[in-house]
Amino acid sequence: MSDPERLAQIFTALGNGIRLELMSEVAAASNGESRSVSTLAAALEISRFTASHHLAVLRSAHLVDAHRDGLSLRHQVNASTMTCIEDWYLPFVDTSAR
C-alpha cells in the first residue's frame, strides 16, 4: 500500500470519536503495557462489543496491535504506524515558532 493510501486508511480509522478515545486509552498504558478489551470498555463506559468493534477497525489500520493473554485480547499502540504519521505531519510543523 502506498503512503497516501496507508495514511488515508489511518485517518479514516481515526475519524471516529470512540476510536480516538480508545487510542488515547491504549497509548496511556505505561511502559508499553497492553490493555484488555474489558479494561478499555470500562474506561470509556461502553460495551465490550462496541469496544471490540472499534478496536478491530484500529487493528485493521495497524494503529494498534493485539495479542492473546488467556481468554483476553490485549492491545497496544503500533509504534511503526505512529512513526508513519509523524513522518507525514512533521514537514507541516514550524519548529521555529516553538
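The legends below describe close-up views of one predicted model.

In this predicted model, local features need pLDDT of at least 70 and side-chain atom pairs count only at pLDDT 80 or more, while totals for chains, interfaces and linings use all residues. Residues are numbered from 1 along each chain as its sequence is written, and side-chain values use heavy atoms, with hydrogens and water left out.

View 1. Helices (H or I, at least four residues) and strands (E, at least two) are DSSP runs, numbered from the N terminus. Helix α4 has 13 residues and spans 18 Å from its first C-alpha to its last, close to the 18 Å expected at 1.5 Å a residue; the expected span is 1.5 Å times one less than the number of residues. A51, H54, L55 and L58 of α4 are buried, where buried means under 20% relative accessible area, exposed over 50%, and partly exposed in between (1.4 Å probe, protein chains only). Seen down the axis of α4, the buried residues fall within an arc of 105°, so they line one face of the helix. The arc is that of the directions from the helix axis to the C-beta atoms. These buried residues pack against α1 (3-13), α2, α3 (37-44), β2 (64-69) and β3. After α4 comes H62, which has a positive phi near 60°.

**View 2. L58 in helix α4.** L58 lies in α4, which covers residues 48-60. The relative accessible area of L58 is 0%, so L58 is buried. Apart from neighbours within four places in sequence, L58 is in contact with A13, L14, R19, L22, M23, L63 and V64; contact means heavy atoms within 4.5 Å.

**View 3. Helix α2 and its start.** Within α2 (residues 17-27), R19, L22, M23 and V26 are buried. They cover an arc of only 100° around the axis, which puts them on the same side of α2. At the start of α2, a side-chain oxygen of N16 comes within 2.9 Å of the backbone nitrogen of I18.

View 4. N78 sits in the loop between β3 (72-77) and α5 (79-89). Its relative accessibility is 11%, so N78 counts as buried. The N78 side chain makes a polar contact with the side chain of S80 at 2.7 Å. A polar contact is a pair of N or O atoms within 3.5 Å; within protein, one must be able to donate a hydrogen and the other to accept it, and residues adjacent in sequence count only if both atoms are side-chain atoms. The N78 side chain also reaches the backbone nitrogen of T81 at 3.2 Å.
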